[in-house]
Amino acid sequence: MSRAKKTRKFAQKKLQITQRDSRLKKNILANEEAQKKPKADEVIREVPQVSSSLFFQYNAALRPPYHVLVDTNFLSHTVSKKLDLLESMMSCLYATCKPIITSCVMAELEKLGPRYRIALRIARDERWERLKCDHKGVYADDCIVDRIQRHKIYIVATNDRDLKRRIRRVPGVPIMSVARGKYVIERLPDAPEK
């Protein structure tokens, strides 16, 4: 006995779309959302925007007259070593300088009391440029770090170790400090050769 061949005739059975079919609109939207979400094993890193004035570690925005942001303890060390602020800066940098004192530094000096009255008197001198701070609080270190991250045109004058450590993380910002009875500068690139 032979078996009869059963062949399926073409298009005799109607195909139905299942709920998981990728052609359905709700599945298309779900796939798009899944692609947008980061996977658990993928790490998304946000790279901060680098200033256009930087060429590797060289800051092209630093030109005389130099703008020097002065910190509280830099002023107190200047007083203890009996140095003239403007003359010592100019002899260190071999160029004209504009010492800049923020309102946070002034408030910090006023809070320190009578022990720092000479440093406060130096800071109140009308020759120095003043910068008004528009943030909350009067913590000068945060103010200075925030300002140098936004604008790369400053040299920071400080003797605070923690502040120096924070500034070194920002590329292209030189640090001036008081050492061995004079001002010293670090991370200031040499002038380009002509």
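I take contact to mean heavy atoms within 4.5 Å. With that in hand I looked up Met-176, which, residues up to four places away in sequence not counted, touches Phe-74, Met-89, Cys-92, Leu-93, Ile-155, Val-156, Ala-157, Thr-158, Tyr-183, Val-184 and Ile-185.

Notes on the model. This is a predicted model, in which local features need pLDDT of at least 70 and side-chain atom pairs count only at pLDDT 80 or more, while totals for chains, interfaces and linings use all residues. Residues are numbered from 1 along each chain as its sequence is written, and side-chain values use heavy atoms, with hydrogens and water left out.

Overall. I find seven helices and eight strands in the chain, where helices (H or I, at least four residues) and strands (E, at least two) are DSSP runs numbered from the N terminus. Of the 194 residues, 34% count as buried, that is, under 20% relative accessible area with a 1.4 Å probe and protein chains only, as against exposed at over 50% and partly exposed in between. For contacts between residues at least 6 apart in sequence, I note that 60% join residues at least 24 apart. The accessible surface comes to about 14900 Å², 51% of it belonging to carbon and sulfur atoms, by the Shrake-Rupley method with a 1.4 Å probe.

Aromatic pair. A search of the whole structure gave me one aromatic pair, the criterion being ring centres of Phe, Tyr and Trp (its six-membered ring) within 6.5 Å, with planes under 30 degrees apart counted as stacked, over 60 as edge-to-face and the rest as tilted. The rings of Phe-74 and Tyr-183 have their centres 4.8 Å apart and their planes at 45°, so I record the pair as tilted. The pair links distant parts of the chain, since Phe-74 lies in helix H2 and Tyr-183 in strand E8 (residues 182-186), 109 residues apart. Phe-74 is buried at a relative accessible area of 0%, and Tyr-183 is buried at 5%.

Helix H2. The buried residues of H2 are Thr-72, Phe-74, Leu-75, Ser-76 and Thr-78. Thr-78, in H2 (residues 72-80), has 1% relative accessibility and therefore counts as buried. Leaving aside neighbours within four places in sequence, I find Thr-78 in contact with Leu-83, Leu-85, Val-178 and Tyr-183. After H2 comes Lys-82, with a positive phi near 60°.

Strand E3. Four of the five residues of E3 (residues 66-70) are buried, so the strand is largely enclosed by the rest of the structure. I count strands as paired if DSSP finds at least two bridges between them. E3 pairs in the parallel sense with E4 (residues 97-102) over four bridges, with His-67 opposite Lys-98. Four bridges also join E3 to E6 (residues 154-157), again parallel, with Val-70 opposite Ala-157.

Cysteines. I find zero disulfides, taking a disulfide as a pair of cysteine sulfur atoms within 2.5 Å. Cys-133 is in no disulfide, and the nearest cysteine sulfur, that of Cys-143, is 3.2 Å away. For Cys-97 the closest cysteine sulfur, in Cys-92, is 8.0 Å away, too far for a bond; Cys-97 is buried, with a relative accessible area of 10%.
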